[in-house]
Amino acid sequence: MSRTYRLPGLAVTDHEFTVPLDHADPAGASIQVFAREVSDPARADERLPWLLFLQGGPGGKSPRPLNATSGWLARALRTHRVLLLDQRGTGRSTPVTARSAERFPDARGLAGHLALFRADSIVADAELIRHQLCGDEPWETLGQSYGGFITLTYLSQAPEGLRACYITGGLPGLEATADDVYAATYPRVREKVTAFYARHPSHRDLVRRIADLLDRRTVRLPDGDRLTVRRLRTLGLMLGMGDGAERLHWLLDEALGADGDLSATFLQQVTHLTGLVDNPLFAVLQEACFAQGGKPTDWAAARAIADRPEFAEDADPLLFTGEMFYPWMYEEIAGMRPFLDAAQLLAERADWPALYSPARLAANQVPVAAAVYHDDMYVPTELSLPTARSVGALRAWVTNEWEHDGVTASGEGVLSRLMDMAAGRA
């Protein structure tokens with residue numbers, strides 16, 4: 001099914017595809033996957049190469065374009081037809097939500113369902129879609145963050161579908177476990193928080209004052225959840241983005257009202273930022289993205305923080321946390337409660353299928369250009385660089401000019417450079 005319309009500077013076609021829920025059982029249950037095709041209206045009828053955009057996450061739906069006047073999309077549309085894919089379970093692709101989770105009769109059934117939403121299934125969806133839109137013609141991909149993880153799974157499973165790949169802040173360690181990831185990211189989060197307090201010294205005392213208030217009495221968010229100190233600390237997730245420190249600063253700037261209590265504005269924003277209503281898969285599948293090697297993830301982030309006294313809730317300064325998810329979230333956050341028992345089963349699972357083929361990646365011949373952000377808070381450089389060296393035909397650009405959102409924050413800059421690199425022009 002498809003529908004065509006116009007937005008400012010964009011010719012848009014919405015596509016809906018029916019794909020197997022489990023690609024190992026194509027005759028079984030199916031789901032819908034949505035993708036939005038965008039092109040320059042002046043070139044809408046031309047035969048242009050396709051660029052598939054793979055969003056970050058897991059659990060991130062594709063961006064909703066407003067216009068084509070700037071940014072990576074403007075650069076892409078000069079030469080390509082772009083496909084914005086809502087990865088399975090997100091956006092308009094049979095979304096996984098608290099409501100849909102509640103329909104499962106037991107946790108084991110829900111856990112089995114959720115296990116089908118990793119990168120290997122997304123790649124299989126993409127290949128079915130590619131054949132329907134492009135026939136046997138390969139396409140190019142732009143993988144942001146987790147989209148880079150998906151790209152390496154794509155190169156491992158179906159490189160014949162790819163003509164060139166661009167990766168921004170998304171080179172995973174091919175053999176890295178969740179424990180390896182958090183061993184690298186907790187120190188990086190500490191550095192980001194320390195830098196934030198150095199830039200805004202008054203916030204060190206303000207955050208402690210808020211935490212003490214939350215310890216003294218019960219504070220409810222607009223959705224009824226209790227705001228705890230540990231939930232407050234998850235606001236540190238934004239510090240890995242280029243404007244994250246400023247966004248957190250302005251959020252805290254209005255935290256206290258004239259009466260010294262937490263303001264309604266602050267509580268409403270915290271609800272939105274920490275409620276995980278729109279993307280529960282971000283939490284549910286975070287550690288499952290790193291599950292490999294025949295061992296369970298076993299709540300790796302929670303085990304890692306317990307060994308770091310500087311992250312204790314009574315430490316001074318009080319440190320925020322980053323892209324880490326914990327068992328308590330499934331009890332304290334309303335939108336995550338239906339996933340509690342299933343998340344525990346996923347944390348205990350050891351027989352995850354491999355997502356990457358090191359041998360196939362070493363022999364890769366598809367041109368790959370990857371931006372590695374030196375100070376990345378989410379995807380550690382120390383895990384990305386060995387991968388860059390072990391994937392054939394991959395050229396890496398290591399930079400500290402941008403944070404994790406460089407492909408967006410740089411306008412056309414990052415994508416233009418990666419395209420030049422892949423084409424041998426840079």
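These legends describe close-up views of a predicted model. Local features need pLDDT of at least 70, side-chain atom pairs count only at pLDDT 80 or more, and totals for chains, interfaces and linings use all residues. Residues are numbered from 1 along each chain as its sequence is written, and side-chain values use heavy atoms, with hydrogens and water left out.

**View 1. The largest nonpolar core has 117 residues.** Such a core is a set of buried Ala, Val, Leu, Ile, Met, Phe, Trp, Tyr and Cys residues joined through side-chain atoms within 4.5 Å; buried means under 20% relative accessible area (1.4 Å probe, protein chains only). Trp139 and Phe266 have the most contacts inside this core. Helix H6 (residues 178-199) gives the most to it, with 8 residues; helices are DSSP runs of H or I, at least four residues, numbered from the N terminus.

**View 2. Tyrosine 186 and phenylalanine 311 form an edge-to-face pair.** The ring centres are 5.2 Å apart and the planes are at 70°; rings of Phe, Tyr and Trp (its six-membered ring) pair if their centres lie within 6.5 Å, and planes over 60 degrees apart count as edge-to-face. Tyrosine 186 belongs to helix H6, whereas phenylalanine 311 is in the loop between helix H12 (300-306) and helix H13 (329-332), 125 residues apart. Both tyrosine 186 and phenylalanine 311 are buried.

**View 3. Arginine 349 lies over the face of tryptophan 352.** The distance to the ring centre is 4.4 Å. A charge sits over a ring if NZ of Lys or CZ of Arg is within 6 Å of the ring centre and within 35 degrees of the ring normal. Elsewhere, the charged end of arginine 81 sits over the ring of tryptophan 50, 5.9 Å from its centre.

Conventions. Buried < 20%, exposed > 50% of the residue type's maximum accessible area, 1.4 Å probe, protein only. Helix = DSSP H or I, 4+ residues; strand = E, 2+ residues; numbered from the N terminus. Phe/Tyr/Trp six-rings, centres within 6.5 Å; stacked < 30°, edge-to-face > 60°.
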